[in-house]
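Welcome! Take a moment to look over the chain below, and then we can walk through it together.

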Amino acid sequence: MASATQPSTAFTRAILERFVGTYQLTEINVPPFRIVQDGASGLTFVRGDGHAEPLLASPDGLFAPDSGVLIRAVAPGVGPAETITYGRISGRGPVEARRVVNARSTLSVGNSQCPQWECAA
């Protein structure tokens with residue numbers, strides 16, 4: 001279901017490559033969160049506590065229609081985003097999160113378990 005305040009667009013390979021990864025918030029001490037590929041053409045937001053929800057693509061980045069999470073790349077361009085912003089539609093301003101390189105944790109996506117770097121590939 002798309003949010004009334006965010007138009008949804010189709011996922012492209014460029015969007016998948018730009019956002020899939022593990023990120024650590026820079027100003028808040030919480031476990032890293034992940035953006036993982038879910039099937040052939042979707043993304044799932046997985047918090048450090050295991051909560052997961054689907055993400056949709058928007059003209060500006062990604063959003064989670066259930067919680068209002070907004071994710072945007074800080075620098076324009078192509079390829080993996082090194083820094084993103086994480087915010088909420090009705091919350092206070094966004095915070096930055098940096099990509100965690102070589103994350104080596106196992107996570108569950110749907111009914112499968114695999115190392116994060118394989119699930120996100």
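## Overall layout

Which pattern does the protein chain follow when read along the sequence? The pattern is α-β-β-β-β-β-β-β-β-β-β-α, made up of two helices and 10 strands. Helices (H or I, at least four residues) and strands (E, at least two) are DSSP runs, numbered from the N terminus.

Before going on, please note that this is a predicted model, where local features need pLDDT of at least 70, side-chain atom pairs count only at pLDDT 80 or more, and totals for chains, interfaces and linings use all residues. Residues are numbered from 1 along each chain as its sequence is written, and side-chain values use heavy atoms, leaving out hydrogens and water.

## The barrel

Eight strands close into a barrel, in the order E1-E2-E3-E4-E5-E6-E7-E8, with antiparallel pairing. Two strands pair if DSSP finds at least two bridges between them. As an example, E3 (residues 42–46) and E4 (residues 52–58) are joined over four bridges in the antiparallel sense. Here leucine 43 stands opposite leucine 55 in E4.

## The inside

Of the chain's 121 residues, 40% count as buried (under 20% relative accessible area, with a 1.4 Å probe, protein chains only). The largest nonpolar core has 21 residues, and Phe33, Ile35, Leu55, Leu62, Ile71 and Ile84 touch the most other members. Such a core is a set of buried Ala, Val, Leu, Ile, Met, Phe, Trp, Tyr and Cys residues joined through side-chain atoms within 4.5 Å. Helix H1 (residues 13–19) gives the most to this core, with three residues.

Leucine 62 has contacts (heavy atoms within 4.5 Å) beyond its neighbours within four places in sequence, including Phe11, Ile15, Leu43 and Leu55.

Key: Buried means under 20% relative accessible area, exposed over 50%, partly exposed in between (1.4 Å probe, protein chains only).
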